[in-house]
Amino acid sequence: NSSFDQIIAGGQTLQSGLKQYSSKYNEFDQGVGSLKTGAASALVGSQKLTTGIETLYNGLITLDGQSATLVGGAKQVFNTLLTTTQTQINNQLAATRMSIELTIDNYQTVLNGLMAKLPAENQPSIKTALAQLDSYNKFYQGLQSYTDGVAQLKEGAKSAVDGSKQLSEGLSSLSDGSNTLVQASSQLKTASNQLAQGSDAL
């Protein structure tokens, strides 16, 4: 009789445990569902991010490809300005038997040195030429900084593209893993239902 009571008590304990398990399992199952949904949503978001970064990167490649042409054209204009200025000043200096040669790197030193040698009445035209060249040089230096910045941005965007692709790959693995977990969870639910039915039969 006591053995039978023990079996009954054991069966009741088993049923109570299965009910508790079933309740906790439902929470787990909802968590798995949320994980699956969240992983899928994050994956879609990361794919959109990758597409956006790739668009930015492709735009920067186009800009960077034009940089050399822009800087080359600006340098050509600068050299033309220097040659024109040099010719005008050398024409003014013809009587003094002095002449100058101007380059992008030396024009400031040469023109300032020339003004120090010339009488005051000859300095205004040199000052005007120097101011014009300085103004263009400011633009030229700014253009070089801009194109250097584009090149650096392009490199940064490339790293961002690589990083976002890795993120997408990781999220894709997480999404696949959560799908596997959902399937396993479904199998576990089926097995626990069978176990519960078996215990009811006891």
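Analyst: We may begin with L181, which lies in helix α3. Please note that this is a predicted model.

User: Which residues make the nonpolar surface patch?

Analyst: The patch is made by F28, L35, L174, L181 and L188. Its area is about 390 Å².

User: And which elements give two or more residues to that patch?

Analyst: Those elements are α1 and α3, the latter covering residues 123-201. Helix α3 gives the most, with three residues.

User: Now to another topic. Where is T85 found?

Analyst: T85 is found in helix α1, which covers residues 2-92.

User: Buried or exposed, and why?

Analyst: T85 counts as buried because its relative accessibility is 9%, and buried means under 20%.

User: What does T85 touch, leaving aside residues up to four places away in sequence?

Analyst: With those residues not counted, T85 touches L102, A129 and L133.

User: Which backbone oxygen does the T85 side chain reach?

Analyst: The side chain of T85 reaches the backbone oxygen of L81, at 2.8 Å.

User: How far apart are T85 and L130 in space?

Analyst: Their C-alpha atoms are 9.1 Å apart, while in sequence T85 and L130 are 45 residues apart.

Key:
Residues are numbered from 1 along each chain as its sequence is written. This is a predicted model: local features need pLDDT of at least 70, side-chain atom pairs count only at pLDDT 80 or more; totals for chains, interfaces and linings use all residues. Side-chain values use heavy atoms; hydrogens and water are left out. Helices (H or I, at least four residues) and strands (E, at least two) are DSSP runs, numbered from the N terminus. Buried means under 20% relative accessible area, exposed over 50%, partly exposed in between (1.4 Å probe, protein chains only). Contact means heavy atoms within 4.5 Å. A polar contact is a pair of N or O atoms within 3.5 Å; within protein, one must be able to donate a hydrogen and the other to accept it, and residues adjacent in sequence count only if both atoms are side-chain atoms. Patches are made of residues with over 30% relative accessible area and no salt bridge: like charges are joined within 9 Å, nonpolar side chains (Val, Leu, Ile, Met, Phe, Trp, Tyr) within 5 Å. Accessible areas come from the Shrake-Rupley method with a 1.4 Å probe; for residues, only the protein chains shown count as cover. A salt bridge is a side-chain nitrogen of Lys or Arg within 4 Å of a carboxyl oxygen of Asp or Glu.
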